[in-house]
Amino acid sequence: MALAAAVALAVSGCSQPAAPPGAQIVVTTNILGDVVRQVLGDQATVTTLMQPGADPHSFDVSAQQAALMGRADLVVSNGLGLEEGLAHHLDRAASAGAPMLVAGDVVDVVPYSAGDAEGSPDPHFWTDPAAMLDVVNAIEGAAGRIEGVDAGKLAANASSYRAELAELDAGMAAAFAALPRERRALVTNHHVFGYLADRFDFRIIGAVIPGGTTLAAPSAADLHQLSGAITSAGVPTIFADSSQPDRLVQVLAKEAGLQVQVSELFTESLTGPDGEAPTYVDMMRTNTQRIVQGLAP
Ligand SMILES: [Zn+2]
């Protein structure tokens with residue numbers, strides 16, 4: 001059977017390979033890719049465009065992946081300006097008639113509270129699991145409109161994943177509540193925790209990269225000012241993201257008179273299956289543990 005299929009493929013030469021089973025769903029970020037897989041289970045082939053450990057602000061896709069988006073039963077993207085390198089491909093897929101779900105359209109958007117992007121919509125909604133619950137509901141709705149998707153299975157998967165997210169949320173709330181209020185202060189390499197701060201009552205002291213994107217650079221004066229803010233807030237640990245070089249965070253940590261630890265988090269991307277953040281829930285649990293460890297008195 002396998003041999004016959006291989007021969008048939010070889011003979012047919014340039015024809016398209018057979019489509020994989022189930023609904024075809026293309027997802028931009030690997031965080032949303034995991035969430036879509038949890039909700040759809042084995043009812044869909046989920047293609048995630050962003051590689052593990054990549055930077056969602058700057059990754060690009062191949063021509064083949066772009067074509068796949070246009071033919072998909074559903075394209076799921078983060079939106080709110082996150083996928084800067086992908087905007088034209090998403091526009092093209094939408095014009096090709098692919099059903100689109102933009103996660104940022106279904107969450108309560110929190111604007112950036114500081115930095116160069118202050119006031120503009122923050123795309124990093126996934127740092128609040130309650131926002132991800134809204135996205136799960138929207139994925140369930142959109143997947144239910146795909147022909148061949150079994151409604152009963154879909155509802156069962158979605159509700160068991162909602163329960164998992166509710167448990168995650170409760171765990172995060174309990175872990176952060178154990179930190180003294182004055183210790184709930186965050187410094188990161190770029191502004192990634194606005195939603196988490198809003199939800200769990202943290203102050204954002206600042207970010208090494210002043211804008212909302214990773215595609216900006218701080219001046220020496222910016223770094224010096226941030227180091228002053230860190231000292232006056234008494235922040236013991238600053239957080240770097242694993243998907244970006246931590247050079248700037250290290251430069252900041254060496255500012256004169258600054259005594260801080262640097263801890264690595266998974267804020268922008270999942271890891272591969274052998275890493276510490278292979279799923280969205282794992283990523284959030286690992287980060288919660290490290291934030292609490294880094295900021296506890
Ligand atoms: Zn980001």
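**Helices, sheet and zinc site in a predicted model**

Thr-286 is found in helix α10, which spans residues 280-295. The model described here is predicted. At 11% relative accessibility, Thr-286 counts as buried, because the cut-off for a buried residue is under 20%. Beyond residues up to four places away in sequence, Thr-286 touches Phe-266 and Glu-276.

His-57, His-124 and His-190 each coordinate the zinc ion through NE2. In sequence the donor residues follow the spacing H-x66-H-x65-H-x77-E. His-124 sits in the loop between β4 (100-102) and α5 (129-144), and His-190 in the loop between β5 (185-188) and α7 (194-200), so the pair ties together parts that are 66 residues apart in sequence. His-124 has 0% relative accessibility and counts as buried. His-190 also has 0% relative accessibility and counts as buried.

β5 pairs with strand β6 (residues 203-207) in the parallel sense, over four bridges. Within this pairing, Val-187 stands opposite Gly-206 in β6. Together, β5, α7 and β6 make a right-handed β-α-β unit. Strands of a sheet pair through backbone hydrogen bonds, either parallel or antiparallel.

Four strands form an open sheet, in the order β2-β1-β3-β4, with parallel pairing. β2 (44-48) and β4 stand at the edges, each with a single partner strand, so one side of each is left without a neighbour in the sheet. From one strand to the next, the twist averages 20°. Inside the sheet, strand β1 (residues 23-27) pairs with strand β3 (residues 74-77) in the parallel sense. Three bridges join β1 and β3. The bridge partner of Val-26 in β3 is Val-75.

An α-helix has 3.6 residues a turn, so residues three or four places apart point the same way. After α4 comes Gly-97, whose phi is positive, near 95°.

Gly-70 has its place in α3. Gly-70 is partly exposed, with a relative accessible area of 25%. Its C-alpha atom is separated by 8.5 Å from that of Leu-90, 20 residues apart along the chain. Leaving aside neighbours within four places in sequence, Gly-70 is in contact with Ala-93, Ala-96 and Ala-98.

Technical notes:
Residues numbered from 1 in each chain as written. Predicted model: local features only at pLDDT ≥ 70, side-chain atom pairs only at ≥ 80, totals over all residues. Heavy atoms only, no water. Donors = N, O, S within 2.8 Å, 3.2 Å for Na, K, Ca; no water. Helix = DSSP H or I, 4+ residues; strand = E, 2+ residues; numbered from the N terminus. Buried < 20%, exposed > 50% of the residue type's maximum accessible area, 1.4 Å probe, protein only. Pairing = 2+ DSSP bridges. Right-handed = clockwise from strand over helix to strand, strands pointing away. Contact = heavy atoms within 4.5 Å. Axes fitted to C-alpha atoms, helices over the stretch in contact; angles between N-to-C directions.
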